[in-house]
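Student: I have a structure open and would like to learn how to read it. Where do we begin?

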2 protein chains.
Amino acid sequence: MPNDPLVVFTPSGKRGRFPRGTPVLTAARQLGVDLDSVCGGRGICSKCQITPGYGEFSKHGVTVHQDALSEWNKVEERYDQKRGLKPGRRLGCQAQVMGDVVIDVPAESQVHKQVVRKAASARVIEMDPATKLYFVEVEEADMHEPTGDLERLARALKAEWGIDAIRADLTLLSKLQPVLRKGKYQVTVALHRGHAGDAAQVLEIWPGLHEDGLYGLAIDLGSTTVAAHLTDLVTGEVKASSGIMNPQIRFGEDLMSRVSYSMMNPGGDKEMTAAVRDAINTLAEEIAKEAEIDANLIVETVFVCNPVMHHLLLGIDPVELGQAPFALATSSSMTLGAKELDLAAINPRAQVYILPCIAGHVGADCAAVALSEEPGKSEDLALIVDVGTNAEILLGDKTRVLACSSPTGPAFEGAQISSGQRAAPGAIEAIRIDPTTKEPRFRVIGCDKWSDEDGFDDEVGEGGITGICGSGIIEAVAELRMAGLLDESGLLGSAEATGTPRMIPEGRTHSYLIHDSTEHGGPRVTVTQGDIRAIQLAKSALYAGARLLMDERGVDKVDRVVLAGAFGAHISPLHAMVLGMIPDVPLDKVTSAGNAAGTGARIALCNVAARREIERVVGEITKVETAIEPKFQEHFVAANAIPHKTDPFPELARIVPLPSPSFNTHGDGSDGGRRKRRRG
Amino acid sequence: MPNDPLVVFTPSGKRGRFPRGTPVLTAARQLGVDLDSVCGGRGICSKCQITPGYGEFSKHGVTVHQDALSEWNKVEERYDQKRGLKPGRRLGCQAQVMGDVVIDVPAESQVHKQVVRKAASARVIEMDPATKLYFVEVEEADMHEPTGDLERLARALKAEWGIDAIRADLTLLSKLQPVLRKGKYQVTVALHRGHAGDAAQVLEIWPGLHEDGLYGLAIDLGSTTVAAHLTDLVTGEVKASSGIMNPQIRFGEDLMSRVSYSMMNPGGDKEMTAAVRDAINTLAEEIAKEAEIDANLIVETVFVCNPVMHHLLLGIDPVELGQAPFALATSSSMTLGAKELDLAAINPRAQVYILPCIAGHVGADCAAVALSEEPGKSEDLALIVDVGTNAEILLGDKTRVLACSSPTGPAFEGAQISSGQRAAPGAIEAIRIDPTTKEPRFRVIGCDKWSDEDGFDDEVGEGGITGICGSGIIEAVAELRMAGLLDESGLLGSAEATGTPRMIPEGRTHSYLIHDSTEHGGPRVTVTQGDIRAIQLAKSALYAGARLLMDERGVDKVDRVVLAGAFGAHISPLHAMVLGMIPDVPLDKVTSAGNAAGTGARIALCNVAARREIERVVGEITKVETAIEPKFQEHFVAANAIPHKTDPFPELARIVPLPSPSFNTHGDGSDGGRRKRRRG
């Protein structure tokens with residue numbers, strides 16, 4: 001009616017006229033304004049708090065008088081006394097519209113809150129998880145109209161929340177009757193809606209209003225580490241993050257050695273499955289303890305992982321993934337009960353979502369990177385590299401996305417390096433070599449100072465330098481190349497040829513001495529010719545994978561490069577490019593995305609539509625198999641040179657002129673082509 | 001084309017013209033003729049056998065020449081050599097139409113075979129079980145078009161069988177890859193389709209063509225006994241039937257004592273759940289052994305049971321069923337995995353279907369009776385009584401069906417009877433009392449002769465008569481009434497009043513001596529006044545329940561009575577009516593339906609549409625709660641008299657004139673109204 005009061009909601013700007021006496025929550029619902037309510041307007045959940053604005057609002061053409069809303073009622077008073085309402089706040093279900101009014105919906109009262117993923121990124125996650133809480137009042141049992149308690153719960157959820165159908169497993173059914181009676185037929189249920197059209201599953205039920213929250217785990221199940229983020233399914237907040245080593249390491253460091261373990265040992269796959277499931281239970285227990293929440297409140301888990309881990313988690317022998325044609329048992333996304341994975345530490349009815357795999361070597365982790373980095377929405381051509389034991393590589397823009405994986409091996413993580421070690425205190429993580437003096441200076445984990453700064457020795461101590469980690473070795477090789485100590489083919493020069501006593505002969509090759517603490521009983525940290533070869537193999541595989549995608553796409557350069565993976569965050573773009581790990585682009589076009597796979601898992605946890613989105617996107621990605629592509633081998637050999645034998649690096653040349661010595665005394669310095677490639 | 005050969009199929013009469021060279025199977029499919037094929041026309045499953053007819057078929061207006069079908073091909077020859085084709089048979093997928101032909105489809109080649117339930121009944125079950133076998137050829141894995149094996153299996157099932165979507169649990173996934181490779185990508189799968197629209201679940205997979213059949217169990221889970229029928233899911237044939245005692249008897253003979261056990265003993269419900277699940281596993285193992293099949297081939301189980309057994313089977317504490325308002329945790333039908341019920345003896349992925357419950361006292365067993373006896377399709381008004389420890393009662397016709405349960409107690413089963421025993425060798429199961437001499441003659445289980453026939457003593461021996469079973473005691477009470485030894489109020493007369501020394505004083509009451517073998521160390525079998533009272537209580541409850549439904553329906557007579565339940569088969573209609581167990585109807589209108597609940601379970605096992613049917617029917621049944629209905633008590637008291645205090649029994653009077661003595665020496669012979677009613 002034209003004389004009815006006008007209600008304007010901010011920030012949405014939605015507006016409409018409502019009869020005097022209409023509760024603000026009702027007006028919001030009719031206009032489709034995002035205003036939360038768990039209790040369905042009964043004044044007990046306090047989720048629908050709003051802030052009325054008073055005075056002149058010329059923008060909206062409204063003057064709001066002091067009596068625009070009904071006076072505080074008893075429900076609001078009681079709530080305020082018991083828990084306290086912030087000044088200026090009202091309960092949307094209690095306050096009634098009495099005159100024109102402007103109503104602000106604060107962020108915490110919105111269901112579809114937007115959670116900014118990280119400060120530096122424009123990407124936000126809209127909260128719309130698969131599992132949500134619903135408070136309902138169920139009809140009492142009536143022997144003259146006999147129906148089951150579950151059926152009456154379903155009827156209430158339909159009437160109050162428009163939920164079409166529900167289902168409950170036997171463990172839930174066995175607690176349904178006592179909880180309903182304890183709550184005097186008022187209960188809160190956690191409902192999981194995996195797919196539109198499926199019946200919503202009742203994961204948990206509490207008597208009365210449940211106010212202790214609801215949580216999910218986003219788990220990045222890597223070959224080496226298992227990382228989990230405990231996420232509040234209402235606010236999207238990460239309550240705790242924790243990681244543990246993947247206990248499968250004892251069966252094999254890399255994926256292929258785990259596949260062989262399964263091939264050689266009957267039941268080996270089952271051992272590995274049990275080990276990783278145990279580890280996940282331990283992780284879930286620890287993270288719940290750290291966040292001080294009841295682990296029973298963890299009702300969802302999202303996994304991202306590579307295909308071998310995917311199969312081992314699911315209890316499927318990964319043997320087929322070890323040989324062409326690398327057939328996955330299943331590639332689709334999966335929704336299953338936590339019980340099926342023996343995840344006993346969390347709610348027994350918790351639901352697990354596993355992102356789809358892209359191909360036999362390109363897993364759900366790569367799908368998660370695609371979900372997080374969205375190459376398919378990129379205007380310019382982006383190369384996304386998730387660096388780990390295996391590198392997952394995505395190339396694409398709005399028109400088309402391609403993916404492959406490449407067997408870089410563990411060198412980038414400091415494994416199979418003579419002085420290599422994991423990133424831990426004492427490890428050299430950054431290094432610079434003076435091009436003139438050929439002297440090094442470096443930084444170790446656990447100390448902010450460089451080694452040539454005052455007080456470094458005191459802070460670290462002689463025994464404190466224990467080795468070199470992944471980012472350190474990458475920088476060291478690139479610095480050796482820039483200092484003229486390493487030639488394009490990957491040969492280290494002799495002391496004579498380079499003019500520095502730091503080049504030490506070892507058999508027929510030479511090593512570069514970074515630091516010697518043998519006098520003090522410590523180690524000697526060197527970069528050996530073998531180390532150079534290991535890095536060459538890794539970076540050639542990575543580059544060759546990227547090149548293969550570029551070939552497929554018909555381009556010979558990309559617009560930008562994103563380094564993903566926990567390790568990606570520590571690689572210096574300049575050093576990566578000197579090494580020829582990634583194609584030549586302007587240095588400011590190389591960015592780090594942090595743990596993009598983990599972020600993808602978090603997105604799928606917080607927003608159920610994102611699951612459908614990545615399932616669709618994965619179907620559209622062009623899969624490129626590196627293992628049998630002859631051109632991969634060609635690219636691999638050419639990429640063995642540092643930065644590259646044939647591809648020009650003009651952007652790199654503009655900032656760093658690389659010296660061009662040659663330390664080859666045998667006529668051929670490259671043996672990359674003859675080396676055996678590894679996967680995993 | 002008008003010149004194409006005409007193909008006429010019998011018995012369907014479907015006909016059409018097809019180009020020369022069309023395989024008979026293809027023609028059948030295009031015409032919608034029911035011709036089976038598991039292998040999809042590859043000539044390996046032999047399910048599509050047909051019999052061509054040759055010569056003049058004036059009925060069809062066709063002359064069939066000897067060359068009407070293509071000659072035997074190699075596939076048929078090989079099949080015949082290997083397994084033998086019956087004379088005159090051809091493989092429908094191999095034989096091609098070359099001229100006009102009449103093709104008979106034998107019953108065993110039809111998918112939707114009709115299984116006659118029992119010879120005397122017109123009711124047939126059309127075979128259309130939820131789980132069926134499908135043979136498919138799956139594309140091999142291709143690393144250039146990477147998809148999972150499950151996804152390629154789904155694609156093949158879609159292309160060859162029109163199956164829209166499938167799903168598989170982790171245990172199936174873990175065997176998918178080896179089985180596909182063992183079968184060279186040809187496999188047979190058992191697919192379960194519970195509900196239209198749901199993805200079909202892969203329950204089992206075998207390499208190549210699986211020819212060892214597929215089975216289901218129809219289980220009637222009673223308070224006292226658990227009966228199972230092992231049914232061939234392809235032919236509908238019952239391969240074996242077996243029963244065991246319900247081990248929950250040790251927690252309480254009747255249902256209410258089990259409910260009290262649960263109330264009084266924390267965890268008591270869990271003990272009872274474990275006991276019954278164990279028993280079902282034992283039963284499944286035994287029945288598979290008896291039928292000589294692999295228990296892993298049992299992929300479906302249907303349960304019918306009363307509400308208390310329903311909850312105890314599911315692991316739900318039945319405590320709410322012991323008190324008003326008798327709320328069920330859930331009343332809907334359920335489809336669940338056998339694993340959820342710990343049914344480890346059968347296929348680990350087997351699916352369980354449990355019929356819906358009608359009300360807190362009217363269970364899935366009553367729903368099964370409704371499915372089997374179809375009162376809702378009856379032209380005349382039928383009263384269906386399933387006699388057991390609880391009686392389930394249905395009253396209805398095409399216009400409306402009503403249901404209730406009535407707590408008859410265990411007297412009808414020979415329990416709580418002084419000389420009572422279960423129906424086993426030595427038990428008196430039938431008895432006649434001479435109205436003039438008052439002398440009894442009887443038959444015992446295990447001997448075909450009556451006790452007054454020559455050779456009876458030799459066959460049975462003195463110690464061979466051990467007691468009286470349910471049908472025996474019912475007959476005895478009715479015979480006593482007809483012989484004038486028992487008056488309408490239920491009092492037994494003295495020796496003086498009746499003129500027979502078989503009436504023996506016991507305190508202030510009298511017993512009738514049927515047989516005395518105490519001289520030979522055997523028992524003395526009598527009918528005591530207490531026994532009469534127990535039977536009166538039981539029959540009053542049964543009759544009162546029926547009357548309550550008749551009141552609700554607004555009638556005072558029914559057109560026919562069906563006695564269901566294993567025990568119903570042994571009750572003589574005449575004696576049941578003399579006793580006043582059932583309302584007065586012409587004797588030929590009382591029929592026995594045998595184990596109607598078990599039959600209902602078999603129907604739901606063999607025909608998935610029947611599940612939807614009974615779910616719909618149950619929703620339309622009017623539930624009547626006897627426990628709190630004041631008129632029930634009124635009917636109960638009036639029904640205490642034998643046959644009845646007030647209701648006339650004109651049909652009975654027409655065939656059996658009942659004497660009308662009165663043995664009441666205290667002014668009131670009835671104490672039925674003061675007795676406490678039992679349930680369960």
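This is a predicted model: local features need pLDDT of at least 70, side-chain atom pairs count only at pLDDT 80 or more; totals for chains, interfaces and linings use all residues.

Student: How do strands hold on to one another in general?

Tutor: Strands of a sheet pair through backbone hydrogen bonds, in parallel or antiparallel fashion. Take β25 (residues 427-433) of chain A. β25(A) and β26(A) run antiparallel and are joined by 5 bridges. In that pairing, A:I433 stands opposite A:P440 of β26(A).

Student: Let us turn to chain B. In which sense do β1 and β7 of chain B pair?

Tutor: In the parallel sense, over 4 bridges. β1 covers residues 6-10 of chain B, and β7 covers residues 101-104. Find B:V7; its bridge partner in β7(B) is B:V101. Now look at β3 of chain B, residues 49-53. β3(B) runs antiparallel to β7(B), with 3 bridges between them. There, B:T51 has B:D104 of β7(B) as its bridge partner.

Student: How many residues lie between the two strands of the hairpin formed by β26(B) and β27(B)?

Tutor: There are 2 residues between them. In the turn, B:G507 has a positive phi of about 60°. The strands are β26 (residues 503-506) and β27 (residues 509-516) of chain B, antiparallel and joined by 4 bridges. B:E506 is bridged to B:T509 of β27(B).

Student: What is the order of strands in the open sheet of 4 strands in chain B?

Tutor: The order is β10-β12-β13-β11 of chain B, and the pairing is mixed. β10 (131-137) and β11 (166-167) of chain B are at the edges; each has a single partner strand, so one side of each is left without a neighbour in the sheet. β11(B) pairs with β13 (residues 200-207) of chain B in the parallel sense, over 2 bridges. B:I166 stands opposite B:A200 in β13(B).

Student: Which strands of this sheet does α3(B) touch?

Tutor: α3(B) packs on the sheet and touches β10 and β11 of chain B. Its direction makes about 100° with that of β10(B). Another helix, α4(B), lies across β12 (186-192) and β13 of chain B. α4(B) runs at about 40° to β13(B).

Student: How should I read the interior?

Tutor: In soluble globular proteins, nonpolar side chains tend to be buried together. Here, the largest nonpolar core has 364 residues. A:V385 and B:V385 have the most contacts inside that core. Leaving out residues up to four places away in sequence, A:V385 touches several residues, including A:A391, A:L542 and A:I582. Over chain A as a whole, 52% of the 680 residues count as buried.

Student: Is helix α14 of chain B mostly covered or mostly open?

Tutor: Mostly covered. α14 spans residues 596-606 of chain B, and 11 of its 11 residues are buried. Among them are B:G598, B:R602 and B:L605.

Student: How are two copies of a chain related in general?

Tutor: By a rotation about an axis and a shift along it. The same surface serves both copies, with 100% of the contact residues of chain B recurring in chain A.

Student: How many residues does the contact take from each chain?

Tutor: It takes 36 residues from chain B and 36 residues from chain A. On the side of chain B that touches chain A, α3 (149-161) and α4 (170-182) of chain B each supply at least two residues. α4(B) gives the most, with 5 residues. That side of chain B divides into 17 nonpolar, 10 polar and 9 charged residues.

Terms used. Residues are numbered from 1 along each chain as its sequence is written. Chains are lettered from A and ligands numbered from 1 in the order in which they are written. Two residues are in contact if their C-beta atoms, placed from the backbone, lie within 7 Å. Two strands pair if DSSP finds at least two bridges between them. Ala, Val, Leu, Ile, Met, Phe, Trp, Tyr, Cys and Pro count as nonpolar, Asp, Glu, Lys and Arg as charged, and the others, Gly among them, as polar. A nonpolar core is a set of buried Ala, Val, Leu, Ile, Met, Phe, Trp, Tyr and Cys residues joined through C-beta atoms within 7 Å. A residue is buried if 20 or more other C-beta atoms lie within 10 Å of its own, exposed if 12 or fewer, and partly exposed in between; C-beta atoms are placed from the backbone. Axes are lines fitted to C-alpha atoms, for helices over the stretch in contact, and angles run from 0 to 180 degrees between N-to-C directions.
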